[in-house]
Amino acid sequence: MTAVATSRRASRARVFLRHETILAAMLVVALFGLGLFNDRFLTVDNLLNQGRLMTEIGLIALPMTFVIITGGIDVSVGAIVGLCAIVLGYSWKNLGFPLPLAVVCSLGVGAAAGFANGFIITRIKVPAIITTIATLTLFRGLAEGISQAHSVRGYPDWFYFLGQGDVFGVPTQLLVLLIAIVVFGVALDRTSFGRTLYAIGSNEMAARFSALPVDRVKLAAYTLSGLTSGLSALVLVSRVTTTRSDMGMGYELDAIAAVVLGGTSIFGGSGTIWGTVIGLVMIQLLKNGLALTGVKGDATIMVIGVVLIASVLIASSLQRRRV
Amino acid sequence: MRSYLLTGAAAAVLALAMNTSASAAAWDGADDLATSPLACDASAPAAAAAKPYDGGKAVNAPDKAGKEISVVDVPKLIGIGYFNATSKGIADAAKELGNVKAKTDGPTEAKIDEQIKFIDNYITSGVDGILFAANDPVAIAPVLKKALSKGIHVVGYDANSTPDAREWFINQAEFNGIAKAMMDSMAKEAGEDAAFGIVTSTFTTPNQARWIAEMQAYGAKCHPKMTWLETVEAQEDNVLSFNQSTTLINKYGDKLKGLFGMTSVATPAGAEAVTKAKECGKIAVIGLATPNAMKPYVHADCVKSVVLWNPIDLGYAAMYVMRAVVDGKLKAGDTSVDAGKLGKLNVVNGSEILLGAPFIYDKGNIDKFDF
């Protein structure tokens, strides 16, 4: 009886000490702190607009959480965004595909790019970081080769609904992101696929000996990563109304930053979708809040860097205490 | 089986990429506009037909004529000499006017999505006017239109947006004028039959793409014997520009007689690459750059001509135009605007204001400039 009570108390304490909880508390403090400094920050209009702006990174950060939980990494996502954007524009404008087909093509190329990453990592056994650095340059090169410096513009108006429209006042792409968050959250928390991801990250060898489909699950994680990068490209093209081969440059770092800030261990085995979402929101609102308060761009990225380091320090000191 | 499929797919994609690069057409400036090369001699261009105002309009902008306004300047990126100079011009003009609070803020890399976020944040924070230099003319349009719809005045300089997304644009020099100055300088220094390479920012950056298109048109018309070897992208990145220039030098060897730098970063990097390769005097470096960055190379006789306008004047003019718009002194249909110490500047192309002809800095005059 007492033993159960103590363990329950301990687990409650653990919930409070969890990285995500601390981060959520920090987020609330930061929100109200910045809100005090600037009366334009905590407005529905601004917050929804920030939701619109963070969707592209958010869509990439979700499967990135999966990939990092398995102990891998995918730095080619930004290049896949560029490639998918170009495939969309090129197949529509130059090959004359109807736009819906071009959209499917673009998502297909994204998934294929992710599949190629996963294939090289699982079958040829090249480490994820090396594979994706290589494919980063390959995909970006393809994007530039196919586009030949031509940006594609003049999409039909209905296409802009995804990136600029609203549904009941909520930006369309934010709804897409919310749905994706639920899907990825459930997949990680409630399915054997999710549990396999953790198992791979904790001890890949043990997972293999337990007859878990290690390679198939990893392949799926990287393919998902490519697919949502394609989705992110669609949102981006729709928001800015044009296609360029340099789109998505540097997205990989923003997405990884959100995942790591959200408490996912870069060594694999632990992490949550909710943590990633908090990390994502935190970075976006810090950037926005600081900008509205009059902090300049270069100072803002310094603050983000400090927040990242601080949060990782807190997380690692907590983990040490738990052991 | 799967691996065969994959190899097949990869081969198909590669074939597609190669196919497109082989059939690369003439440069279109990434904006589908026609080129208009100037005459080969120095004769003045025929006056262009007057075009009606095609800019946008700030909706229900509050009347702040003569009152203090806050203006934010969002250049392509911050922290480089060129935009420091435009920023200084803006600050100078704001000080001279006395009723403007101006500040410059922007991304540290020339990335369009970052730039959009900056502008978006300043719309939310509620400024009276936005000055911008676009990283992409079309991508920046929605956010600028949003600013106009909230009654914020929008004036561009250096790199334009689509005309209806801003009220006015300060054109630092007409594209064909720059193209002529560049090509003529190259022909003079490297010879009429020279082969050259180009280092640019990205193939779709508005100004650079347009200049290259105009250079191609002007070159075909006036210097037909020159050989165009290759154009490479180097963002606006110092190290990358140096590496790309070095690659061109190594790749083409003695064939390469000239190097164009299309950005204020690429030109000094190209000059440095030529210096390091000990090719000074054998490879002519011509490009757009700020004088301070080029002084060592000009004094070492490695670079003879640097083409540019005065970016301080450009920022200065942008600020004056912004004030004139707010005060109601510059309206659709006007043909000129008063720009303080620069005097009257002319309206061209409907809603653009022309700063003047390009300027060529050389050993004789470069020390008179400090930016």
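Here is a short walk through some features of this two-chain model, point by point.

1. Before anything else, please keep in mind that this is a predicted model, in which local features need pLDDT of at least 70, side-chain atom pairs count only at pLDDT 80 or more, and totals for chains, interfaces and linings use all residues. Residues are numbered from 1 along each chain as its sequence is written, while chains are lettered from A and ligands numbered from 1 in the order in which they are written.

2. On chain A, 30 residues are in contact with 35 residues of chain B (contact means that the C-beta atoms, placed from the backbone, lie within 7 Å). The elements giving two or more residues to chain A's side are α3 (44–69), α5 (99–123), α6 (128–147), α13 (273–292) and α14 (297–322) of chain A; helices here are DSSP runs of H or I with at least four residues, strands are runs of E with at least two, and both are numbered from the N terminus. That side of chain A divides into twelve nonpolar, twelve polar and six charged residues. Here Ala, Val, Leu, Ile, Met, Phe, Trp, Tyr, Cys and Pro count as nonpolar, Asp, Glu, Lys and Arg as charged, and the others, Gly among them, as polar.

3. One of those helices, α6(A), has 20 residues and reaches 28 Å from its first C-alpha to its last, close to the 28 Å expected at 1.5 Å a residue (the expected span is 1.5 Å times one less than the number of residues). Its buried residues include A:Leu136, A:Phe139 and A:Arg140; a residue is buried if 20 or more other C-beta atoms lie within 10 Å of its own, exposed if 12 or fewer, and partly exposed in between, with C-beta atoms placed from the backbone. After α6(A) comes A:Gln148, whose phi is positive, near 50°.

4. Turning to chain B, eight strands form an open sheet of mixed pairing in the order β2-β1-β3-β4-β5-β13-β12-β11 (two strands pair if DSSP finds at least two bridges between them). Strands β2 (100–104) and β11 (336–338) of chain B each have a single partner strand, so one side of each is left without a neighbour in the sheet.

5. Within this sheet, β1(B) is worth a look: five of its six residues are buried, so the strand is largely enclosed by the rest of the structure. β1(B) runs parallel to β2(B), with five bridges between them, and also parallel to β3(B), with four. B:Val71 has B:Ala102 as its bridge partner in β2(B) and stands opposite B:Gly129 in β3(B). In turn, B:Gly129 stands opposite B:His153 in β4(B).

6. A further strand of chain B, β9 (residues 284–288), has five of its five residues buried. On one side these are B:Ala284, B:Ile286 and B:Leu288, and on the other B:Val285 and B:Gly287. β9(B) is joined in parallel to β8 (residues 256–261) of chain B by four bridges and to β10 (residues 306–308) of chain B by two. B:Gly258 is partnered with B:Ala284, and B:Gly287 with B:Val306.

7. Finally, α6(B) (residues 206–222) has 14 of its 17 residues buried, so this helix is largely enclosed by the rest of the structure.

Notes
Two residues are in contact if their C-beta atoms, placed from the backbone, lie within 7 Å.
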